[in-house]
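Reader: Please take one residue of this chain and look at it closely. Then show me its surroundings, and end with the chain as a whole.

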Amino acid sequence: MAVQLADKLDTGISPQQFIDGMQKNQEEFKAGYDQFAWGNEEDRKFFESLKFRDDLRVLILAADWCGDVVRNVPVVFRALETAEIPTEVLILEENFDVMDQFLTMGGRSVPVVIFTDTGGHVLGKWGPRPDHVQQIMVRFKQENPDREAPDYEAKMAECRKELIAAYGKGTEHHAVIIKELRELVSGF
């Protein structure tokens, strides 16, 4: 990725400031954060090993109203805390300039977890949801390209139900997110 975000480093808020400032979904977010547990020892050790990497930074585009943020970002916060990677949250509505560089299928979807080096060069990104969940949205968008169609909203409501079901019960999706983050970070 040839994206440069040096001007955005040190402009966001801390993960704790994001949690404390949530106007929506705070209790559900905190529950996901508190319920996190490492699915296996190898994953925990991998993220602990990143403590020795002083060349990584993370920016997370997020909004407290977004269900995917509520489900996914608590897991991301836990992994990055273990790794001790400096992490900042960029509020979507205040950072459309960044968001528009990381569109998902042409749309503004959050969260987007952006890994950079200390100079702000983007190394990789994750989000807005685990791949198996995202594939449902990809299929929906392919089958429903006309947002003005009279049945679009009804079909979107059904798609959202399918997305929620794909996340699984409780914290099943946590291990999937950890696996995907680990695979991403292993590449740089």
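**A close look at K24**

Author: Leave aside residues up to four places away in sequence, and K24 touches D64 and W65. Touching here means heavy atoms within 4.5 Å. The model is a predicted one, and the numbers below are computed from it.

Where does K24 sit? Its place is the loop between α1 and α2. Is K24 buried, partly exposed or exposed? Its relative accessibility is 46%, so K24 counts as partly exposed. The cut-offs make this clear: buried means under 20%, and exposed means over 50%.

Now compare sequence with space. K24 and V70 are 46 residues apart along the chain. In space their C-alpha atoms are 9.6 Å apart.

Next, the helices on either side of that loop. Helix α1 covers residues 15-21, and helix α2 covers residues 26-35. Which rings pair up here? F18 and F29 do, as an aromatic pair in edge-to-face geometry. Their ring centres are 5.8 Å apart, with 65° between the planes. F18 belongs to α1 and F29 to α2, so the pair links distant parts of the chain, 11 residues apart. Both F18 and F29 are buried, whereas K24 is partly exposed.

F36, W38, F46 and F47 are linked by ring pairs into a cluster. How many aromatic pairs are there? The count is 8.

Step back to the whole chain. It has 8 helices and 4 strands. From the N terminus on, the order is α-α-α-β-α-β-α-β-β-α-α-α. Of the 188 residues, 45% are buried.

What about overall dimensions? The C-alpha trace spans about 55 × 35 × 35 Å along its principal axes. The radius of gyration is 16 Å, which agrees with the value near 16 Å for a compact globule of 188 residues.

Contacts tell their own story. Take those between residues at least 6 apart in sequence: 77% of them join residues at least 24 apart.

Last, surface and charge. The chain exposes about 9600 Å², and carbon and sulfur atoms supply 49% of that area. There are 22 positive and 33 negative charges.

Conventions. Residues numbered from 1 in each chain as written. Predicted model: local features only at pLDDT ≥ 70, side-chain atom pairs only at ≥ 80, totals over all residues. Heavy atoms only, no water. Helix = DSSP H or I, 4+ residues; strand = E, 2+ residues; numbered from the N terminus. Rg over C-alpha atoms; globule rule 2.2 N^0.38 Å. Buried < 20%, exposed > 50% of the residue type's maximum accessible area, 1.4 Å probe, protein only. Areas by Shrake-Rupley, 256 points an atom, 1.4 Å probe, with all protein chains shown as cover. Lys, Arg positive; Asp, Glu negative; His and termini not counted. Charge placed at Lys NZ, Arg CZ, Asp CG, Glu CD. Phe/Tyr/Trp six-rings, centres within 6.5 Å; stacked < 30°, edge-to-face > 60°.
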